[in-house]
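Hi! Here is the structure I said I'd pass on to you. Have a look through it first, then read my notes below.

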Amino acid sequence: MRDRLGIAQAWHRLDVVVRDLALGIALFAASLLPVTHAYGTIIGGLPDRPIDGLGVAAIALQSLPLALRRRWPALCLLLVSLGLAVDQLNGYHTPAGAGMVIALVSAGSYAERHRRLLAVGFSAGYIAFVAGMYRAGSTEPLSEFGTLYLAMAFATGVGMWQRAGRLAERDHLARIASDTRSMERTRIARELHDIVTHHVTAMVVQSEAARYLPDTPQGIDEVLGTIASTGRRAITDLRQVLEVLEPDQEEASRAPGVMDVRDLVEHSRSAGMQVELTEEGTPGRASGGADLAVYRVVQEALTNARKHAPHAASTVDIRHGAGEITVKVQSEGDAHPDSGSARVPEGGGRGLAGLRERVTALGGEFSAGPREGGGFVLLARVPTGVWP
């Protein structure tokens, strides 16, 4: 089986002219066999004539130019038509006339330019051929030649139908490729937004908080250490996204998931946030998309809380169910005396919109809005894609 596959692959790597030449050689050889002469093509009813040197040339013209049927279909049709005219006007009536059908189908399927001019030229040549047949003594009624012309037009139409199907398939594949690129760009933009917004917001909040710290080396070192740690996490997350764009990378770093939520919460606490994490159920297997979606939901919620109410308490509740993970993140109103009332982020932001698209694409549900008594609540149900 492998040998056959290897031969087939080697055959398809050959130039199209070489592959089509095999068809022309096969028709040429078959037309020279005496046993095939009983199946020759007869047009016009002229008396039969034994095959001589001119007859062999006519067979060659009707068969060997088929090597050009896909590369130069118009030239192929011209040479095959000339060979058929020599064949029939001299009464050879060889089976090589089948090459005319192949040439007509190929012209309809592969001719790219001057298609109308080719049709007009062929029609004019056919009229001259019919006139030559009558001068040579043909007794066939004109209606027979008209029927033959319609049959040739039908063969060309079959080729045009093949061409239309091939072009439609190419356009379909091009649309799929374009949609895939667009989706991938959107996905990467969403990942970059989630990563940059979360970490940069943390660094800004930490920098602003440094103004209120005692002017001591220990306090400054602690803040700078936290900012540096946040920057390193941002670089790591960005590297994981950018590795998608490196096809030569043997093994990309693991994307964050549910198991990394605890580290995310601990990092938020180190930045000065009040965050409580509760987790119910036993974590099971989950698809990569679901695992990452849960992480991004918590990350975006904590980013909004840090941005709009950095001193308010937040709770993260994760429940592992049968075939799904439910995430609920609540943030209270900001209780810091200098911060004023908590600002609730609107649900039309890029981050929340990206989360909604991410979750609904997995078949889940997503909601976000103000909670009673002030603050904000974000709820997401993410199917894991794996059932027990």
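Let's start with the strands: S3 and S5 pair in the antiparallel sense over eight bridges. Strands are DSSP runs (E, at least two residues), helices are too (H or I, at least four), both numbered from the N terminus, and two strands pair if DSSP finds at least two bridges between them. Across that pairing, Ser331 has Phe376 in S5 as its bridge partner.

Before going on, a bit of background: this is a predicted model, where local features need pLDDT of at least 70 and side-chain atom pairs count only at pLDDT 80 or more, while totals for chains, interfaces and linings use all residues. Residues are numbered from 1 along each chain as its sequence is written, and side-chain values use heavy atoms, with hydrogens and water left out.

S5 also pairs with strand S4 (residues 365-370), again antiparallel, over six bridges. The S4-S5 hairpin has five residues between the strands, and Gly373 takes a positive phi near 85 degrees.

Is S5 mostly covered or mostly open? Mostly covered: six of its eight residues are buried (under 20% relative accessible area; exposed is over 50%, partly exposed in between; 1.4 Å probe, protein chains only).
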